[in-house]
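Colleague: I would like to learn how to read a structure of this kind. Could we go through it feature by feature?

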Amino acid sequence: MESRNTQLAVGLFVIIGILALLFLGLKAANTNVLTNGETYKLFAKFDNIGGLKERSPVKVGGVVVGRVSKISLVGDYYEPLVEMTISKEYNEFSDTTSVSILTSGLLGEQYIGLNPGFIDDTVEMLEDGDYIYDTKSALVLEDLIGQFLFGQGND
Amino acid sequence: MLNRVAALGKATLDSVAGAGAAFFMLMRALVGKPQLRKSWPLLMQQMYSVGVLSLLIIVVSGLFIGMVLGLQGYTILVDFGAEQSLGPMVALSLLRELGPVVTALLFAGRAGSALTAEIGLMKATEQLSSLEMMGVDPLRRVISPRFWAGFYSMPILALVFSAVGIYGGYLVGVRWLGVDDGAFWSVMQSNVEWGQDILNGVIKSLVFAFVVTWIALHKGYQCTPTSVGISRATTSTVVTASLAVLGLDFVLTALMFG
Amino acid sequence: MRQVENSALDDALVVIDNLHFAHSFGAHQVYQNLSMRVPRGKITAVMGPSGIGKTTLLRLIGAQLYPQQGSIEFAGHNVHQLNRRDLYELRKRMSMLFQSGALFTDMTVYDNIAFPLREHSQLPEEIIDTIVKMKLEAVGLRGARDLMPAELSGGMARRAALARAIALDPELILYDEPFAGQDPISMGVIVKLIKELNESLGLTSIVVTHDIAEVMTIADYVYILADKQVVGHGTPAQLKQSDDPLIHQFLHGEADGPVPFHYKAATLEDDLLGSDHA
Ligand SMILES: Nc1ncnc2c1ncn2[C@@H]1O[C@H](COP(=O)(O)OP(=O)(O)OP(=O)(O)O)[C@@H](O)[C@H]1O
Ligand SMILES: [Mg+2]
């Protein structure tokens with residue numbers, strides 16, 4: 001009987017472990033995007049990606065719809081190419097959609113903002129592997145200051 | 001001078017031989033066909049003494065560490081007007097670092113030292129020899145179930161630690177200091193990910209479980225079978241295992257999040 | 001090499017040949033050129049002064065220690081040349097009563113004795129129960145079966161260990177000091193037990209002991225160890241008649257004689273006066 005009690009205690013122990021995992025998985029982690037659901041990929045080239053990192057969120061109007069899955073340099077001029085993994089739930093972006101790199105708050109992290117384009121008969125929908133051409137790069141503080149000084153000098 | 005060099009050489013050779021012995025001990029303990037009927041009750045018994053009995057210290061420490069994180073995090077973040085980020089701060093510190101690491105350190109102190117002392121004493125009282133003479137391999141019979149028990153228990157303990165810690169952070173942050181309830185969880189959720197954070201934390205604690213249990217068992221198995229020998233081995237288990245955990249944590253963190 | 005010329009010893013279960021042994025960390029040689037034959041189905045006693053290496057010898061036979069030279073054969077197998085698996089198979093055919101008892105401290109007396117049966121036999125639990133109770137009865141501990149080893153006295157622990165050693169009725173039983181710490185009554189019981197096991201089941205026994213009087217009554221053959229080798233051997237009757245001063249000293253427990261009572265050391269005067277040439 002002693003071994004039965006031991007087994008019972010160990011069983012409870014394992015159940016507590018599973019409950020902890022469920023708690024962490026359901027309550028602490030984001031469950032909707034990119035965890036279990038299907039995804040597709042979109043690409044965008046920027047002049048400058050600023051402080052964007054892999055895993056930075058991709059948002060539409062503040063709602064996370066995907067994440068940056070890869071950042072690389074392509075082409076002869078080494079342009080930054082960003083690969084975004086977007087949840088299949090949001091697969092109705094037209095090819096007039098634009099992307100910009102934004103900053104949350106003054107010191108916050110950078111993320112990608114998707115601005116869905118208009119939809120009518122003349123535009124096509126973005127599919128897996130498509131490129132978004134309308135991009136706005138990150139604001140880089142040094143460039144801004146440079147422009148400002150340059151502008152002052154010209155006056 | 002020459003003596004020093006010789007001593008260094010001997011120390012190196014000894015540690016290489018020690019690592020080799022530890023490796024062979026583990027190989028012999030784990031390789032071979034398992035006999036489920038016999039090993040299941042042994043595993044249960046060890047899961048009980050290694051895992052279940054460590055649960056209390058893990059829950060209490062997890063709660064306190066989570067509460068401290070909530071308090072410290074709040075006082076720091078509130079200066080930047082970023083107290084909404086308290087949730088992810090608490091959750092990420094626990095899931096990525098404190099959960100696996102502190103659990104491993106506590107485990108080394110609580111269960112690891114007990115394993116070393118137990119096996120050392122079994123050696124000193126000739127129980128291991130006695131098994132050998134009975135034709136029962138002590139590595140399979142004594143070492144192996146303890147190893148698996150440690151290996152399975154620690155990730156469970158680490159998960160419990162993180163979960164309780166997050167709850168502690170919630171108690172202090174939301175209930176006491178008045179961070180918005182919804183923001184606490186939702187900001188946490190948008191920043192914590194299954195694969196990157198939870199899974200990597202579990203992988204970390206599996207690695208720590210392997211190393212800590214291994215060190216504890218090896219120190220016990222190799223100890224000089226006297227009271228001084230056992231006490232040295234026990235101390236050495238806690239020191240070596242703790243250093244190994246901290247060192248490995250850096251390497252793993254660099255690999256996973258670097 | 002010493003020849004054992006006794007036709008009764010031809011059928012030997014254990015043959016020790018020309019053994020050299022030193023503990024790996026001790027500079028001190030324990031055995032040099034040791035040869036011995038343990039006849040099958042007989043009780044062989046091994047006697048010798050404390051620290052001479054009797055326990056070491058039993059461990060060598062069980063292949064827990066490896067000699068630098070020479071060989072030990074058990075039932076035709078050189079125990080030190082077997083691979084791990086075969087060695088563990090072979091060890092199932094022998095069993096050892098440790099000097100310290102070596103009971104498993106996390107099990108009751110009952111479970112300790114059932115342990116080898118549960119490990120190595122496929123017997124159902126009821127039969128194991130019967131065997132365990134019989135063995136406990138034999139050593140007079142049936143009432144103590146639910147105690148933990150820590151709750152036993154030294155002598156009781158040793159008897160429990162004895163019951164465990166004989167649980168499987170192995171071919172060879174190595175007894176390391178079976179009589180130590182026993183009162184005269186239990187001593188008599190154990191002597192009888194060893195004898196009975198040997199007679200009824202034909203088990204071979206090696207008994208290491210200092211209790212000369214007891215062992216001389218049951219032993220079929222006696223080896224006396226001293227000075228890294230066998231210094232005398234024969235049947236108890238032969239030894240009693242022997243006029244070898246060594247054997248005489250040992251059998252009669254005289255302090256002065258060829259066998260030194262002291263562990264190798266400098267003279268007492270040197271030690272006390274702190275002289276350098278120790
Ligand atoms: N692990 C060891 N390492 C080094 N030397 C050892 C070790 N074990 C025993 N010795 C030495 O080997 C010698 C033989 O020891 P052993 O225990 O075999 O003696 P013994 O004949 O059984 O003595 P006793 O009758 O007191 O039990 C002793 O001189 C001892 O100092
Ligand atoms: Mg001895």
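Colleague: In which helix of chain A is A:Val14 found?

Modeller: Bear in mind that this is a predicted model. A:Val14 sits in helix α1 of chain A, which covers residues 2-28.

Colleague: Is A:Val14 buried, partly exposed or exposed?

Modeller: The classes rest on relative accessible area: buried is under 20%, exposed is over 50%, and partly exposed is in between. A:Val14 has 30% relative accessibility, so it counts as partly exposed.

Colleague: Which residues make the nonpolar surface patch that includes A:Val14?

Modeller: The patch is formed by A:Leu12, A:Val14, A:Ile15, A:Ile18, A:Leu19, A:Leu22 and A:Leu26, and its area is about 650 Å².

Colleague: Next, chain B. How many helices and strands does chain B have?

Modeller: Chain B has 9 helices and 0 strands. Read from the N terminus, its elements follow the order α-α-α-α-α-α-α-α-α. The C-alpha trace of chain B spans about 65 × 55 × 30 Å along its principal axes. Of the 258 residues in chain B, 50% are buried.

Colleague: Now salt bridges. How many salt bridges does the structure hold over all chains?

Modeller: A salt bridge here needs a side-chain nitrogen of Lys or Arg within 4 Å of a carboxyl oxygen of Asp or Glu. Over all chains the structure holds 18 salt bridges. One of them pairs the side chains of B:Arg141 and C:Glu119, at 2.3 Å from N to O.

Colleague: Why does the pair of B:Arg141 and C:Glu119 join two chains?

Modeller: B:Arg141 is in helix α6 of chain B (residues 138-176) and C:Glu119 is in helix α3 of chain C, so the pair joins two chains. Both B:Arg141 and C:Glu119 are buried.

Colleague: Which parts of chain B does the salt bridge between B:Asp249 and B:Lys204 tie together?

Modeller: The closest N and O atoms of B:Asp249 and B:Lys204 are 2.8 Å apart. B:Asp249 lies in helix α9 (residues 227-257) and B:Lys204 in helix α8 (residues 194-222) of chain B, so the pair ties together parts that are 45 residues apart in sequence. B:Asp249 counts as buried at 9% relative accessibility, and B:Lys204 is buried with a relative accessible area of 0%. B:Glu97, B:Lys204 and B:Asp249 are linked in a network of salt bridges.

Colleague: For contrast, what about a pair within one helix: where do C:Lys133 and C:Asp129 lie?

Modeller: Both lie in helix α4 of chain C (residues 125-138), 4 residues apart, which is about one turn of the helix. C:Lys133 and C:Asp129 form a salt bridge whose closest N and O atoms are 2.9 Å apart. C:Lys133 is partly exposed at 29% relative accessibility, and C:Asp129 is partly exposed with a relative accessible area of 24%.

Colleague: How do I read a loop residue, and in which loop does C:Arg40 lie?

Modeller: Name the elements on either side. C:Arg40 is in the loop between β2 (29-39) and β3 (43-47) of chain C. C:Arg40 is partly exposed, with a relative accessible area of 38%. From C-alpha to C-alpha, C:Arg40 and C:Ala75 are 9.2 Å apart in space, while in sequence they are 35 residues apart.

Colleague: Last, the ligand. How many residues surround ligand 1?

Modeller: The shell around ligand 1 has 14 residues, the closest being C:Ser50, C:Lys54, C:Thr55, C:Thr56 and C:Gln99. By class, 3 are nonpolar, 9 polar and 2 charged. Helix α1 of chain C (residues 54-61) gives the largest share of the shell, 3 residues.

Colleague: Which side chain has an N or O atom 2.7 Å from an oxygen atom of ligand 1?

Modeller: The side chain of C:Lys54 has one at that distance. A polar side-chain atom of C:Gln99 also lies 2.7 Å from an oxygen atom of ligand 1. On the backbone, an N or O atom of C:Gly51 is 2.8 Å from a ligand 1 oxygen atom. On its own, ligand 1 has 630 Å² of accessible area, and the protein covers 65% of it.

Methods
Residues numbered from 1 in each chain as written. Chains lettered and ligands numbered in written order. Predicted model: local features only at pLDDT ≥ 70, side-chain atom pairs only at ≥ 80, totals over all residues. Heavy atoms only, no water. Patch = residues over 30% accessible without salt bridge, like charges linked within 9 Å, V, L, I, M, F, W, Y side chains within 5 Å. Areas by Shrake-Rupley, 256 points an atom, 1.4 Å probe, with all protein chains shown as cover. Buried < 20%, exposed > 50% of the residue type's maximum accessible area, 1.4 Å probe, protein only. Near = heavy atom within 4 Å. Polar contact = N/O pair within 3.5 Å; in protein donor to acceptor, adjacent residues only side chain to side chain. Nonpolar A, V, L, I, M, F, W, Y, C, P; charged D, E, K, R; others polar.
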